[in-house]
Amino acid sequence: MVICKDVWKIYQQGEVKVEALRGVDLDIFQGEFVSLAGASGSGKTTLLNMIGGLDSVSSGYVEVDGDDLSGMNKNGLADLRLSKIGFVFQAYNLIPVLTAYENVEFIMQLQGVPAERRRELSHEILGRVGIADMGERKPAELSGGQQQRVAVARALVSNPSIILADEPTANLDSKTSESLLELMAELNQESQTTFIVATHDPQVIEFTKRKILISDGKVAQDC
Ligand SMILES: Nc1ncnc2c1ncn2[C@@H]1O[C@H](COP(=O)(O)OP(=O)(O)OP(=O)(O)O)[C@@H](O)[C@H]1O
């Protein structure tokens, strides 16, 4: 479960203070599949960064899977990210010199999973996301949709309790977006992994059961 209580994030830009989040209150239960929608600059990415422990809050409380993030130092946050959170970004963020298998294995390597087990799991998960025969290809040899499948596989392989996705369909056509969404929904149902997807894409918003609208750094609508 994710709990945000009166979360504020203020960036200092020279003399200017940017209030990116202005008192976000939000509960997201385990196994939910939600979209975070809102205009450009409304604070969606900032909120994902707070929930994902990529950055610290200016004030307020963030809890992920029973852990209070505000009390954690950098190492604690890094451990939390590695053990509990998977990330999928719009630009895929795959490592260009590594094959699809190696990209998926990379996180497990950081987690100290033995080589044989890594190979087994990465094969299994690439099969699960429908690109088993493309494991030896590097990102540049894959289409945008296939790269995004690798990114989802990589996020899922360590069995996180939450997947945070930032504009995962931004570079995809609507058919490819639809199949990515269906894949994420299937994985969500199977594994009860929580999916939180920040997006502008009406197709994604339409698809998700729960839609959270962020406006001016606050939750404006939650339905
Ligand atoms: N590192 C930073 N330093 C200063 N201001 C920042 C920083 N990151 C974000 N901001 C500001 O915080 C506000 C919220 O940004 P954020 O990226 O969270 O919005 P967003 O809803 O994700 O936008 P988009 O849909 O365009 O990605 C914006 O005004 C942005 O300019």
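Modeller: This is a predicted model. By class, the shell around the ligand holds 3 nonpolar, 9 polar and 1 charged residues.

Biologist: Which residues come nearest to the ligand?

Modeller: The shell has 13 residues. Those that come nearest are Tyr 11, Ala 20, Ser 40, Thr 45 and Thr 46.

Biologist: Which element gives the most to the shell around the ligand?

Modeller: Three elements each supply at least two residues: β1 (2-13), β2 (16-28) and α1 (44-51). The top contribution is 3 residues, and it comes from α1.

Biologist: What confidence does the predictor give, for the chain and for the complex?

Modeller: The protein chain averages a pLDDT of 93, and 99% of the residues score at least 70. For the complex, the pTM is 0.93 and the ipTM is 0.97.

Biologist: Why does the radius of gyration of the protein chain agree with a compact globule?

Modeller: The C-alpha atoms fill a box of roughly 50 × 40 × 35 Å along the principal axes. A compact globule with 223 residues would have a radius of gyration near 17 Å, and the two agree because the protein chain has 17 Å.

Biologist: What share of the contacts with a separation of 6 or more joins residues 24 or more positions apart?

Modeller: The protein chain has 7 helices and 10 strands. Of its 223 residues, 40% count as buried. Among contacts with a separation of 6 or more, the share from residues 24 or more positions apart is 71%.

Biologist: Which element supplies the largest share of the largest nonpolar core?

Modeller: That core has 55 residues. Leu 36, Ile 51, Ala 153 and Ile 196 have the most contacts inside it. The largest share is 6 residues, from α5.

Biologist: Which residues is Leu 36 in contact with, leaving aside its neighbours within four places in sequence?

Modeller: Leu 36 is among the residues with the most contacts inside the core. Its contacts beyond those neighbours are Lys 44, Leu 47, Ile 196, Val 197, Ala 198, Ile 212 and Ile 214.

Biologist: Which helices do the buried residues of α3 pack against?

Modeller: Helix α3 spans residues 100-110. Its buried residues are Ala 100, Tyr 101, Asn 103, Val 104, Glu 105 and Ile 107. They pack against α4 (115-128) and α5 (144-156).

Biologist: Which residue with a positive phi follows α3?

Modeller: The phi there is near 80°. The residue is Gly 112.

Key
Residues are numbered from 1 along each chain as its sequence is written. This is a predicted model: local features need pLDDT of at least 70, side-chain atom pairs count only at pLDDT 80 or more; totals for chains, interfaces and linings use all residues. A residue is near a molecule or strand if its C-beta atom, placed from the backbone, lies within 6 Å of it. Helices (H or I, at least four residues) and strands (E, at least two) are DSSP runs, numbered from the N terminus. Ala, Val, Leu, Ile, Met, Phe, Trp, Tyr, Cys and Pro count as nonpolar, Asp, Glu, Lys and Arg as charged, and the others, Gly among them, as polar. A residue is buried if 20 or more other C-beta atoms lie within 10 Å of its own, exposed if 12 or fewer, and partly exposed in between; C-beta atoms are placed from the backbone. Two residues are in contact if their C-beta atoms, placed from the backbone, lie within 7 Å. pLDDT is the predictor's confidence in each residue, from 0 to 100. A nonpolar core is a set of buried Ala, Val, Leu, Ile, Met, Phe, Trp, Tyr and Cys residues joined through C-beta atoms within 7 Å. The radius of gyration is taken over C-alpha atoms; the globule rule is 2.2 Å times the number of residues to the power 0.38.
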